[in-house]
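User: I would like to go through some side chains in this model, one at a time. Please keep the answers brisk.

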Amino acid sequence: MYNIPQDYLIEPDTCPAFWINRLSDVNTFLDTQIEKGHVQTIGTSVGNRPIRAVFYGNPRQKKGTTTFSGSLGFRNVDKYLGPDANKKIYLGISGVHGGEFEGIVGTINLLSVLETGTDLTGQPWPNMTQAAQTLDRIIIIPIANPDGRARVPIQQLTY
């Protein structure tokens with residue numbers, strides 16, 4: 001397997017409750033805390049792990065009149081996107097690399113704000129909640145690389 005120096009595996013004795021980034025903990029959060037959004041498996045990793053996303057809002061109608069490359073040819077992607085091309089969509093992706101704990105933690109706390117208005121510490125984020133309401137669609141992928149995250153055995157580094 002991998003020869004990981006033991007010093008790399010030292011973690012703090014305790015971890016804050018808001019610090020969710022392990023694959024199993026993220027999946028539990030998605031299964032138990034998402035009510036306003038819709039959780040969907042959007043793919044499968046090489047290691048046969050699900051890649052999951054949370055969707056808010058409605059998708060585009062997909063009634064464009066050309067291909068994407070065709071729309072680039074005449075410099076107007078609206079013809080590819082269709083009549084609702086002006087929809088404002090936010091796509092957030094974290095966990096691209098297995099040891100990117102902070103991005104996953106931030107993404108899970110963002111999902112908490114979208115669901116409840118507060119992060120996992122109980123801090124309200126009214127400006128973020130209002131900003132999210134101006135969007136037509138939000139798509140969040142908390143862990144894009146579940147294999148990489150599963151291979152990194154720690155949750156938090158010591159300092």
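This is a predicted model: local features need pLDDT of at least 70, side-chain atom pairs count only at pLDDT 80 or more; totals for chains, interfaces and linings use all residues.

User: Which side chain of opposite charge is nearest to D119, and how far away is it?

Analyst: D119 is buried yet has no salt bridge. A salt bridge would need a side-chain nitrogen of Lys or Arg within 4 Å of a carboxyl oxygen. The nearest side chain of opposite charge is K36, 15 Å away.

User: With which side chain does the side chain of D119 make a polar contact?

Analyst: Not counting residues up to four places away in sequence, D119 touches N109, S112, V113 and W125. The polar contact, at 2.5 Å, is with the side chain of T121.

User: Is R52 buried or exposed?

Analyst: R52 lies in strand β2 (residues 50-57). Its relative accessible area is 14%. Buried means under 20%, so R52 counts as buried.

User: With which side chains does the side chain of R52 make polar contacts?

Analyst: R52 touches several residues beyond four places in sequence, including L30, V39, I140 and P142. N27 and D31 are also on that list. The side chain of R52 makes a polar contact with the side chain of N27 at 3.1 Å. Another, at 2.6 Å, is with the side chain of D31.

User: Which helices does the pair of F68 and Y80 link?

Analyst: F68 and Y80 form an edge-to-face pair, 5.3 Å centre to centre and 70° between the planes. F68 is partly exposed at 43% relative accessibility, and Y80 is partly exposed at 36%. The two residues are 12 residues apart, and the pair links distant parts of the chain. The helices are α2 (residues 68-73) for F68 and α3 (residues 78-81) for Y80.

User: What separates the C-alpha atoms of R22 and Q155?

Analyst: R22 is found in the segment before α1 (23-33). R22 is partly exposed, with a relative accessible area of 29%. R22 and Q155 are 133 residues apart along the chain. Their C-alpha atoms are separated by 6.3 Å.

How values were computed
Residues are numbered from 1 along each chain as its sequence is written. Side-chain values use heavy atoms; hydrogens and water are left out. Rings of Phe, Tyr and Trp (its six-membered ring) pair if their centres lie within 6.5 Å; planes under 30 degrees apart count as stacked, over 60 as edge-to-face and the rest as tilted. Helices (H or I, at least four residues) and strands (E, at least two) are DSSP runs, numbered from the N terminus. Buried means under 20% relative accessible area, exposed over 50%, partly exposed in between (1.4 Å probe, protein chains only). Lys and Arg count as positive and Asp and Glu as negative; His and the chain ends are not counted. A polar contact is a pair of N or O atoms within 3.5 Å; within protein, one must be able to donate a hydrogen and the other to accept it, and residues adjacent in sequence count only if both atoms are side-chain atoms. Contact means heavy atoms within 4.5 Å.
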